[in-house]
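Visitor: Hello! I am new to protein structures. Could you show me how to read this one, step by step?

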Amino acid sequence: MASVVLSEAEKVYIVHGIQEDLRVDGRGCEDYRCTEVETDVVSNTSGSARVKLGHTDILVGVKAEMGTPKLEKPDEGYLEFFVDCSANATPEFEGRGGEELGTEIVNTLYRIFSNGSSIDLKSLCINPREHCWVLYVDVLLLECGGNLFDAISIAVKAALFNTRIPKVRVLEDDEGSKEIELSDDPYDCIRLNVDNVPCIITLSKIGCRHVVDATLQEEACSLASLLLSVTNRGTLTCMKKLGKGSLDPESIFEMMETGKKVGKTLHIALQKTLEKEESLGTTRQKVGFLG
Amino acid sequence: MPLDHRRVPGPEESQAPLLYAAPGEEEAAPGREAAALRPLLARAGLLSQAEGSAYVELSGGTKVLCAVRGPREAAEGRGRLLCEFRRAPFSSRGARPRPGPAAAARERELGLALQEALAPAVRLARYPRARLEVTALLLQDGGSALAAAISAAALALADAGVEMFDLVVGCGLCRAPGPAGAWLLQPSEAEERAAPARLTVALMPGLNQVAGLLGSGQGGPPESWARAVRLGLEGCQRLYPVLRRSLLRAAERRAAEGPRSTGSSA
Amino acid sequence: MAPPVRCCVPGERLCSLEEGAAGSGTYTRHGYVCASLAGCLLKTSEDGALPVVSVVRDAESQLLPDVGAVVTCKVCSINSRFAKVHILYIGSTPLKSTFRGTIRREDIRATEKDKVEVYKSFRPGDIVLAKVISLGDMQSNYLLSTAENELGVVVAHSEAGAQMVPISWCEMQCPRTHSKELRKVARVQPEFLQT
Amino acid sequence: MAAGFKTVEPLEYYRRFLKENCRPDGRELGEFRTTTVNIGSITTADGSALVKLGNTTIICGIKAEFAEPPAESTNKGYVVPNVDLSPLCSSRFRSGPPGEEAQAASQFIADVIENSEIIMKEDLCIANGKLAWVLYCDLICLDYDGNILDACTFALLAALKNVQLPSVTINEETGLAEVNLKETNPLNIRKHPVATSFAVFDDTILIVDPTAEEEDLATGTVTIVMDEEGRLCSVHKPGGSGLTAAKLQDCVTRAVTRHKEVKKLIDKVIKSIKPK
Amino acid sequence: MAGLELLSDEGYRVDGRRAGELRKVRARMGVFAQADGSAYIEQGNTKVLAVVYGPHEMRGSRSKALHDRALVNCQYSMATFSTGERKRRPHGDRKSSEMTLHLKQTFEAAILTQLYPRSQIDIYVQVLQADGGNYCASVNAATLATIDAGIPMRDYVCASSAGFIEDTPLADLNYVEEAAGGPQVALALLPKSDQIALLEMNSRLHEDHLDQVIEAAIKACKDIYTVLDQVVREHVHEVTTLLGE
């Protein structure tokens with residue numbers, strides 16, 4: 001993570017602030033920073049999204065390509081994740097610096113999307129054992145302002161919502177070899193159902209309270225944080241303790257409750273913005289980084 | 001692939017016979033009570049070359065061996081704990097995982113989870129410019145492999161004479177299939193494969209603090225996860241005496257033959 | 001040690017703060033002294049009221065050189081400003097892995113510090129007794145000093161390869177070629193004199 | 001302060017012992033460390049064995065898989081050995097791809113399998129040109145205290161004797177294999193190669209089964225692999241000080257007696273498993 | 001020429017531009033808060049982000065520090081989804097290392113490095129969408145980012161590409177024109193002092209056409225300069241009003 005240097009006094013100041021439910025930037029313990037979500041920002045991808053959460057800036061591109069199904073799951077397509085920590089975020093990510101963090105994020109994403117409930121992988125299959133759609137989800141980290149996992153999960157969900165996969169017909173000619181024929185109308189495509197794609201909520205334990213959406217400074221004063229992936233119905237699909245400190249059991253149960261509550265509100269807000277983006281259709285004036 | 005020319009070359013790709021086996025004659029797990037805790041065998045101080053070592057075996061067949069390289073000189077400033085968790089190629093039932101980037105990434109994730117479970121317990125402040133290397137090797141995967149590795153690593157660290165706030169006990173759980181599936185303690189490999197949700201809990205028993213938590217799958221609402229965590233913590237408390245006894249036996253053995261042969265490897 | 005040797009495990013509560021002070025291998029938490037090492041309990045009560053509770057491991061109690069420890073090291077390279085050494089021993093316990101140390105020119109001798117020459121005091125391959133004066137910062141390694149009479153070269157080989165005999169605090173003689181070589185020699189401990 | 005002398009002047013320390021024809025851990029020059037073997041401990045592998053030679057511990061796990069036979073010899077299967085020396089067994093190894101010593105050991109084991117014809121590759125063929133067995137033999141060193149070549153060869157032999165391959169039939173119309181996990185049949189072990197390693201000290205003294213320290217101080221090592229008919233399968237002497245023909249002959253005779261000891265031990269262990 | 005008709009006989013190119021016309025350039029400075037200087041530029045469909053850190057203490061080996069001037073350290077990377085075909089590695093392959101070297105040389109000529117001895121200036125460029133002229137857009141974005149970081153420069157550095165099709169020079173080629181394989185020139189210019197910082201020309205071009213193409217490229221760079229200059233003045237004005245006189 002981008003390292004920020006904090007003196008002891010600043011840390012004490014932040015911790016005491018949080019005891020009284022007041023954070024440095026005026027938010028309450030369970031409030032998110034202002035979030036901007038914008039879809040279809042990069043043209044030659046099947047779907048893309050950009051999320052700006054405070055000073056954290058994430059760009060996700062999804063490209064659908066034809067591939068062969070995996071041996072153990074012959075009738076399903078699959079997702080491939082790749083996280084690129086660009087040197088833009090911090091000089092430490094130059095060269096191979098960002099690889100360690102990148103692998104950690106990729107593993108968490110695989111863990112969340114491994115069970116079949118998040119994305120209907122069967123709809124990605126064209127014909128079993130031979131052809132299926134592979135969705136390459138590429139996450140580009142442009143700026144680290146703390147709370148990376150939440151921003152990344154929102155961006156991935158938005159990008160998958162925005163993904164358009166061209167319709168495909170399978171022609172069976174005589175000697176049994178299958179012929180794939182792409183439909184020529186660019187707008188004739190299938191959309192993915194992202195309703196039960198979960199979002200990650202990271203709760204950081206600071207002092208004896210926990211906060212949501214911690215900034216870099218707050219992350220520096222938190223010894224341990226709990227990462228929860230919450231679906232819009234409030235069920236948890238992944239739980240992971242991060243950081244080198246430990247948590248007492250009671251605070252874990254409290255954090256799970258808060259995570260569920262915050263997760264639901266986040267899903268509703270995200271669904272609303274995605275529908276608004278969708279309703280504007282293609283006439284929408286793309287803001288991108290010019291905003 | 002740079003890796004391959006360093007190993008004796010085999011066929012390009014090969015399939016496990018299991019894929020072609022007649023499925024389904026899996027022996028049905030005998031009706032077992034959810035909170036049943038199967039005995040755990042633990043032994044500390046068994047490797048000669050490592051400063052600290054431990055071996056943990058769960059009755060489901062999971063065998064983990066762990067070695068700790070004592071404080072070694074580190075390049076940069078503050079003390080660091082480096083964990084590595086490797087699976088033996090013959091440890092899992094199905095196909096042999098081919099050594100490649102994908103396998104390395106998954107092993108890295110387990111190594112990281114191990115490191116985050118141990119970090120709260122080790123007093124790194126006492127080793128200002130040193131590096132502690134923990135290497136765990138999974139010989140056979142019979143379910144809740146990460147939990148066994150966490151217990152083995154904590155034992156090995158204590159056996160190496162590294163200062164710790166407390167031991168760390170790991171316990172694995174999985175949810176029985178079906179909508180209202182109950183959580184099972186220390187699942188076998190078959191139960192773990194069929195389970196919709198899995199969870200590994202790491203507890204510091206003396207201080208009653210949760211050191212590590214890693215769970216995924218459809219565990220349902222937070223209340224069900226909370227039940228699972230409580231069950232896991234209770235399991236850890238019950239496993240703690242076995243680990244403690246094995247460490248004491250190793251300490252006594254070391255004390256007994258300590259003074260005689262100082263220095264030369266026991 | 002008390003007859004019933006009580007071994008303990010990290011995290012175990014030994015006693016409350018009123019009964020004993022925390023010695024080595026222990027830490028205090030919420031008013032209790034807890035063990036931080038796996039080893040045998042040692043209660044040393046000097047004349048004062050509070051006994052000091054400590055946990056000691058017999059195999060190798062010392063894992064890291066700390067300030068003030070006397071270490072045995074082998075000189076690996078010298079230049080005009082300092083000598084680089086590998087630390088092999090802390091006190092009497094051998095180290096499984098060597099740590100790098102440095103003896104600066106001004107830390108070699110207590111008297112006339114500036115007239116000291118490194119190559120007149122050490123040669124690569126010598127075995128030296130030294131004391132740790134600092135842990136060193138980010139880049140550098142342990143800083144050692146041989147500024148006391150008991151510290152300095154213990155074992156040295158002459159040009160001819162034979163093990164040399166110390167004849168004064170700054171000279172050693174090769175038994176075969178009788179050539180004298182300059183070293184900063186450690187005063188020989190009385191109990192080794194008869195060998 | 002004997003231990004101090006050992007770390008400061010290790011060679012001198014050893015010479016003192018070799019003069020009286022014994023070694024620091026009490027063994028004579030020609031005596032092996034206590035050898036124990038435990039067969040079939042890993043149930044997820046098709047065949048497994050753990051060998052302890054003093055402190056040196058090697059575990060060998062064999063996984064059998066299907067593959068097409070090689071183009072040039074369509075009636076042969078594969079045996080793919082791989083020796084893994086990880087930081088777990090000793091601090092001299094780094095994690096990551098196999099280092100020099102590991103690659104040398106893997107190649108040594110591959111040569112032993114090739115020259116000693118321990119099993120015929122033709123036995124591994126299921127359907128000529130279509131399907132054959134691949135035996136992945138993974139040898140992992142758990143504790144490195146010298147002489148891993150003897151321990152690896154012994155572990156491989158014991159594991160191969162423990163292998164149980166499920167019976168496979170090719171049904172004609174689909175051309176796919178059908179596996180019946182219930183009936184399994186063992187491998188046909190034709191030869192029993194046993195390795196004996198020696199370390200050469202100061203170009204003259206030969207000591208058998210060197211520990212890690214003795215290997216570091218030795219000026220050369222030689223490994224001799226014999227099978228039961230007294231035939232030499234391979235002699236592996238990677239450089240180091242020279243060896244006279246007479247010395248080599250002593251090594252060979254010692255290797256023959258070592259082969260009998262190992263054969264007796266392995267038969268005893270196999271018998272103790274069979275009735276179960 | 002290829003099936004596709006790159007230049008219609010009325011002088012219109014594939015995307016309707018005339019021979020010397022630039023693609024629509026839109027830019028913004030100060031995109032990120034944590035970087036010392038940052039900028040975003042869109043030239044047609046090519047979108048590039050540039051970030052500048054520094055001048056700061058040497059990171060990594062002290063031996064590389066130059067005693068008399070700052071060391072310019074660059075990294076050019078392309079997002080894996082930036083091109084039609086998905087790229088497996090964002091940076092580190094031959095093409096991006098070459099681009100990194102070009103950026104480094106270009107900016108060593110433009111930045112007054114002797115003002116900051118024994119220090120390091122990092123310039124990181126990230127291409128979000130590649131539609132031809134990637135190098136040129138990167139140079140323009142890096143110029144804006146360096147200015148945003150307040151690092152003194154001799155002059156702006158504006159870059160543009162130029163091609164030669166049916167003996168008419170074309171300015172600011174897009175991906176289709178670049179892929180058509182005709183002769184292409186990439187030129188980085190210091191507009192005020194009319195010095196050419198970097199000129200890269202590949203594939204065969206007759207000698208007397210050369211100065212025609214370079215002339216078109218220089219003219220394109222000057223047009224880009226006016227756009228960039230306007231963006232910078234707007235940004236400075238905006239920032240000063242925020243600070244309040």
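This is a predicted model: local features need pLDDT of at least 70, side-chain atom pairs count only at pLDDT 80 or more; totals for chains, interfaces and linings use all residues.

Guide: Gladly! For chain E, the mean pLDDT is 88, and 98% of the residues in chain E reach 70 or more.

Visitor: Which elements of chain E have the lowest and the highest mean pLDDT?

Guide: The lowest belongs to helix α3 (residues 175-179) of chain E, with a mean of 87. At the other end is helix α2 (residues 134-148) of chain E, where the mean is 94. For the model as a whole, the scores are ipTM 0.85 and pTM 0.87.

Visitor: Where does UniProt place a domain in chain E?

Guide: An unreviewed UniProt entry gives the feature "domain: Exoribonuclease phosphorolytic" at residues 21-152 and 155-220 of chain E. Let us take the two spans in turn. Residues 21-152 of chain E are 24% helix and 31% strand, and the C-alpha atoms at the ends of this span lie 31 Å apart. Residues 155-220 of chain E are 29% helix and 41% strand, with 17 Å between the end C-alpha atoms.

Visitor: Now for the chains together. How many pairs of chains touch, and which pair has the most contacts?

Guide: Five pairs touch, and the most contacts are between chains B and D. Some pairs do not touch: the nearest C-alpha atoms of chain A and chain C are 14 Å apart, while those of chain C and chain E are 12 Å apart.

Visitor: How many residues are in contact between chain A and chain E?

Guide: Here 25 residues of chain A meet 26 residues of chain E. On the chain A side, the elements that give two or more residues are β3 (56-67), β4 (78-85) and β6 (131-143) of chain A. Sorted by class, that side of chain A has ten nonpolar, eight polar and seven charged residues.

Visitor: Where is D:P10 placed, and which residues is it in contact with beyond its neighbours in sequence?

Guide: D:P10 sits in helix α2 (residues 10-19) of chain D. Leaving aside neighbours within four places in sequence, D:P10 is in contact with D:E213 and D:L217. Sequence and space can also be compared for D:P10 and D:E214: they are 204 residues apart in sequence, yet 9.5 Å apart in space, C-alpha to C-alpha.

How values were computed:
Residues are numbered from 1 along each chain as its sequence is written. Chains are lettered from A and ligands numbered from 1 in the order in which they are written. UniProt positions are given in the numbering used here, feature names are shortened, and annotations may be inferred rather than shown by experiment. Helices (H or I, at least four residues) and strands (E, at least two) are DSSP runs, numbered from the N terminus. Two residues are in contact if their C-beta atoms, placed from the backbone, lie within 7 Å. Ala, Val, Leu, Ile, Met, Phe, Trp, Tyr, Cys and Pro count as nonpolar, Asp, Glu, Lys and Arg as charged, and the others, Gly among them, as polar. pLDDT is the predictor's confidence in each residue, from 0 to 100.
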